[in-house]
Amino acid sequence: MSKTDTTTETTDGTARETEAADEARAGDSESEAKIHATDLRVGYPGLDDPVVDTETLVVPEGEVTALVGPNGSGKSTLLKTLARHLDADGGDVLIDGREIAEFGSKEFARELGMLSQHGSTPDGITVEELVGHGRYPHKGFLEGQTEADREAIDRAIALAGIEHLREKDVSSLSGGQRQLVRIAMALAQETDTLLLDEPTTYLDLRHQLQVMEVIRTLNEERDVTVCIVLHDLTQAARFADYLVALCDGDIYDWGRPEDVVTEELLAEVFGVEASVEYGAEPRITPKRAIDD
Amino acid sequence: MDVSSRSVEAYTRLDSRDRRLASLVVGSVVVAFVAAFVQVSQGSYPTPLGATFDVLTDPRILFDVDVWAAILTGSDFPDRLSQTAIIVWSLRMPRVFIAALVGVNLSISGAVFQAVTRNELASPYILGVSGGAGLAVLVTLVFFTGASYVLPFAAALGGLVAFALVYAIAWQGGTNPVRLVLAGVVVATVFQSLQTGLFYFLDSTAVVKTAIAWTTGSLTGVGWAQFRLAIVPTLVVVPLLLLASRHLNVLLLGEETARSLGMPVEYVRFGLSTLAILAAATAVAVAGLVGFVGLVVPHAVRTAVGSDYRRLVVGSLFLGPALVLVADVVARLALMPIQVPVGVVTGVIGGPYFLYLMRRHGDFSEF
């Protein structure tokens, strides 16, 4: 993956996108794209303009890709489309080169997991039982729990670091703990790809870090491709291998965090005047909102 | 070692919820049997308790082919039975069995609708069944006087049509619980108004009473014919819903999560709703619109055993009949010689139950 030319160009601040960069991306996408979307257009009934309208989106295999953008930029909509929660009005989404619409529902759920932003956790069931629902796509209509299911549940619970909560009633947990349990449920699905919609929003710092750590481990140890919507740009820049910055439903920029997160991006996409520094860690210091 | 420690763990977790379910089931069975015994032994022709018991346990009756034929095919009860036996077996027993079937169907239907609409306060009638069935009954009474034998079918059919209408109204490239409930309100409101309007076209008090019996739910005058009508759909729907309980659990996680787990949500929701509507229509066909059972029973079971539908459905299957049997004893015997519709009694019991819950919990928790 040669992104050097993009790097120099974006840091120069001269051109955001060049033909060379586009070619490089196209080359990447063919070799190692887990998810490849082209000419994607997604709208909601009652809205004239599509919420997402973008030419090419690539989620590279085995990496953590973060979707970032201001409120209303279409990042959640895009993620939901990839997860088949929304039907696109046009365009193709391929996963491992295969059209997502071709998958059966359970087959798709064995391939790709999605942790939605909102999900309810019923009262009166234990953490272990909730995590066990993650095995749903692996079971036939009448099939009970097999040894393989139990092992997958154990692995998911261990990976999410929630062994101590195993027997607890889900309703007795804090918001942060619940989120870890929901992640464990998605882990029990044992998919090659996991999409997460703002998994850290509303969590305290400690649980935010725990969630991110679990996702990192999942990516590094099990080689799971992760695509995650993050609200917090600093967190995204620190955490993700790749960033996709969305603006008004279109991809504004795509690449390594240090290439994407620039003062220009903050000004143009987020409408914020800020300084961006890269030391050991990226540091974004917002200064003021830019008037429209 | 690992396996044994796990099974010990599993045993200790044969947890309080399973124990509570077991006591609920046993308690419901006891209550149901006591209520059934009171129902068959008491009435305007009281049969002594001992004699009733003898008639109920007499092997010569229990294994009599002609008695079974009378129950299952509608032929006459054999003349050789004593008068007590005739009264118990041909007049009072069917009412007990039908009450139990009504309880089973309404509570299981309510349990499913509470999951499908993700609303703890949903009842079997939430998707327009009551409006459709009530209107169909009134239409039959007004325009097809004398055709009272079609009333059960009219009621069930009206309910099913209303449900189809609700689904059609709610459908916009898919449904969701809120749209379904709102469409249910739309249909029920219109149908109920029409139904109320039709009351003014009824010309005799007797027909008005029939209409009221149907719209509030009554078991007065039911016989084995109604039992035969209700048992077949019950035997189809109940096992299917028991098997579906795991899918109900996944549906409870919310639409998006269920979809992420690979559930074809629209199909499952429509399939489950259809089964639940069939259960509700079965109850409506034999008893009219008995209120509150389908709302209270799953709710009460949930407070005891949690919202895991594998337990909830089983608990509802037992508590439902117990409640309807007790309510029907009260409806038939409390104000003798007047019999009130059983739906009046379930309403009178159901209201205060919610008052009790409000006082105890302060609020209704979400799922």
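Guide: Let us start with a definition. Buried area is the accessible area, taken with a 1.4 Å probe, that two parts lose on being put together, summed over both. Please keep in mind that this is a predicted model.

Visitor: How much area do chain A and chain B bury between them?

Guide: The two chains bury about 2,600 Å² between them, and 47% of this area is on carbon and sulfur atoms. Ser120(A), His133(A) and Tyr136(A) supply 24% of the area that chain A buries against chain B, more than any other three residues.

Visitor: How many residues of each chain are in contact?

Guide: In chain A, 38 residues are in contact with 28 residues of chain B.

Visitor: How many polar contacts and salt bridges cross the interface?

Guide: Seven residue pairs are in polar contact across the interface of chain A and chain B, with both residues at pLDDT 80 or more. The elements of chain A that each supply at least two residues of the side touching chain B are helix H4 (105–111), strand E6 (112–115), helix H5 (127–132), helix H6 (147–159) and helix H7 (175–188). By class, that side of chain A has eleven nonpolar, 14 polar and 13 charged residues. As for salt bridges, the rule finds three across this interface.

Visitor: Which residue of chain B meets Glu129(A) in a salt bridge?

Guide: The partner of Glu129(A) is Arg17(B), with a distance of 3.1 Å from N to O. The side chains of Arg17(B) and Glu129(A) are also joined by a polar contact of 3.1 Å. Arg17(B) belongs to helix H2 (residues 16–41) of chain B.

Visitor: Is Arg17(B) buried or exposed?

Guide: A residue is called buried when its relative accessible area is under 20%. Arg17(B) has a relative accessible area of 9%, and therefore counts as buried. Leaving aside neighbours within four places in sequence, Arg17(B) is in contact with Gly124(A), Ile125(A), Thr126(A) and Glu129(A), and also with Val305(B) and Arg311(B).

Visitor: Let us turn to salt bridges in general. How many does the rule count over all chains?

Guide: The count comes to 25 salt bridges over all chains. One of them joins the side chains of Glu102(A) and Arg98(A), at 3.5 Å from N to O. Glu102(A) counts as exposed, at 51% relative accessibility, whereas Arg98(A) counts as partly exposed, at 31%.

Visitor: Which parts of chain A does the salt bridge between Glu190(A) and Arg222(A) tie together?

Guide: The side chains of Glu190(A) and Arg222(A) meet at 3.8 Å from N to O. Glu190(A) lies in the loop between H7 and E7 of chain A, and Arg222(A) in helix H8 of chain A, so the pair ties together parts that are 32 residues apart in sequence. Glu190(A) is partly exposed at 26% relative accessibility, and Arg222(A) is partly exposed at 31%.

Visitor: Where do the partners Glu273(A) and Arg288(A) lie?

Guide: The closest N and O atoms of Glu273(A) and Arg288(A) are 3.1 Å apart, and the two residues form a salt bridge. Glu273(A) lies in strand E11 (residues 272–278) of chain A and Arg288(A) in strand E12 (residues 282–289) of chain A, 15 residues apart, so that the pair links distant parts of the chain. Glu273(A) is partly exposed, with a relative accessible area of 34%, and so is Arg288(A), with 47%. Salt bridges may also share partners: Glu129(A), Arg17(B), Asp18(B), Asp308(B), Arg310(B) and Arg311(B) are joined in this way into one network.

Visitor: How does one read the length of a helix, for instance H8 of chain B?

Guide: One compares the expected span with the distance between the end C-alpha atoms. At 1.5 Å a residue, the 20 residues of helix H8 (residues 151–170) of chain B should span 28 Å, and the end C-alpha atoms are 28 Å apart, which agrees. Among the buried residues of H8(B) are Leu151(B), Phe163(B), Val166(B) and Tyr167(B). What covers the buried residues of H8(B) includes helix H7 (129–143) and helix H9 (177–199) of chain B.

Visitor: What follows H8(A)?

Guide: H8(A) is followed by Asp223(A), whose phi is positive, near 60°.

How values were computed:
Residues are numbered from 1 along each chain as its sequence is written. Chains are lettered from A and ligands numbered from 1 in the order in which they are written. This is a predicted model: local features need pLDDT of at least 70, side-chain atom pairs count only at pLDDT 80 or more; totals for chains, interfaces and linings use all residues. Side-chain values use heavy atoms; hydrogens and water are left out. Contact means heavy atoms within 4.5 Å. A salt bridge is a side-chain nitrogen of Lys or Arg within 4 Å of a carboxyl oxygen of Asp or Glu. A polar contact is a pair of N or O atoms within 3.5 Å; within protein, one must be able to donate a hydrogen and the other to accept it, and residues adjacent in sequence count only if both atoms are side-chain atoms. Helices (H or I, at least four residues) and strands (E, at least two) are DSSP runs, numbered from the N terminus. Ala, Val, Leu, Ile, Met, Phe, Trp, Tyr, Cys and Pro count as nonpolar, Asp, Glu, Lys and Arg as charged, and the others, Gly among them, as polar. The expected span of a helix is 1.5 Å times one less than its number of residues. Buried means under 20% relative accessible area, exposed over 50%, partly exposed in between (1.4 Å probe, protein chains only).
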